[in-house]
Amino acid sequence: MKLYTGTGDGGETSLLNGRRMPKSDIRIAAIGEVDELNAMLGWSRACAQPEAVDAGLRSIQEDLFRLGAELAGPADPPPGVRGLCMRPQDAARLEAWIDEACAAVPPLRHFILPGGSEGAARLHVARAVCRRAERVLVMLAAADRVSPESLVYLNRLGDLLFAWARLSAARAQSPEVIWKPSM
């Protein structure tokens, strides 16, 4: 099987149900944002992360494949995709991880600058990509069907990536830099 097909050369792509869509469609943009986020999580895993963070990132990468399948199969998903939708317990799992990470670091009393250790910096970049993916998903939801669970999931994931960035910096003994606005 060849990696390239040539079917997208005219600016269209197919959803899982075979429907052709322009690559400029907001649904295709949302799928691309989720794909980029997944790649950022892989990049975050490629450097030293606390073991629980690395395992969680791997699990989230699986979730994001499900989210991508959900977005690529709107309204009439093929039978193999119907059970892949995001569920309330997916966001609940992220909330538990947020609580664990926040309990392991000092309470946040100031805004902090993104950075710290390499692992923390990569998680901050992933957080920013997650927030962009969330914004595009919100735009899609204004125009077409999107499950509320998907919107909640990406919102919680952005919070979790911030919490894990703080945890990663703490484990690397990299101090947080407090933002001091200059006036």
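**A first look**

Author: Happy to! From the N terminus on, the protein chain runs β-β-α-α-α-α-α. This is a predicted model.

Reader: Thanks! How many helices and strands are there in the protein chain?

Author: The protein chain has five helices and two strands.

Reader: And what does the C-alpha trace span along its principal axes?

Author: The C-alpha trace spans about 50 × 40 × 35 Å along those axes.

Reader: What percentage of the residues is buried?

Author: Of the 183 residues in the protein chain, 42% are buried.

Reader: Okay, contacts next. Among those with a separation of 6 or more, what share comes from residues 24 or more positions apart?

Author: Such residues account for 74% of those contacts in the protein chain.

Reader: Let's switch to the surface. What is its accessible area?

Author: The accessible surface of the protein chain comes to about 10200 Å², and 58% of that belongs to carbon and sulfur atoms.

Reader: Which residues form a nonpolar patch there?

Author: Phe111, Leu113, Val177 and Trp179 do, with about 440 Å² of accessible area together.

Reader: Where is Leu113?

Author: Leu113 lies in the loop between helix H3 (88–103) and helix H4 (118–143).

Reader: Last one: how far apart are the mean positions of the positive and negative charges?

Author: They are 2 Å apart, for 22 positive and 22 negative charges in the protein chain.

Note on methods. Residues are numbered from 1 along each chain as its sequence is written. This is a predicted model: local features need pLDDT of at least 70, side-chain atom pairs count only at pLDDT 80 or more; totals for chains, interfaces and linings use all residues. Side-chain values use heavy atoms; hydrogens and water are left out. Helices (H or I, at least four residues) and strands (E, at least two) are DSSP runs, numbered from the N terminus. Buried means under 20% relative accessible area, exposed over 50%, partly exposed in between (1.4 Å probe, protein chains only). Contact means heavy atoms within 4.5 Å. Accessible areas come from the Shrake-Rupley method with a 1.4 Å probe; for residues, only the protein chains shown count as cover. Lys and Arg count as positive and Asp and Glu as negative; His and the chain ends are not counted. The place of a charge is taken as NZ of Lys, CZ of Arg, CG of Asp or CD of Glu. Patches are made of residues with over 30% relative accessible area and no salt bridge: like charges are joined within 9 Å, nonpolar side chains (Val, Leu, Ile, Met, Phe, Trp, Tyr) within 5 Å. A salt bridge is a side-chain nitrogen of Lys or Arg within 4 Å of a carboxyl oxygen of Asp or Glu.
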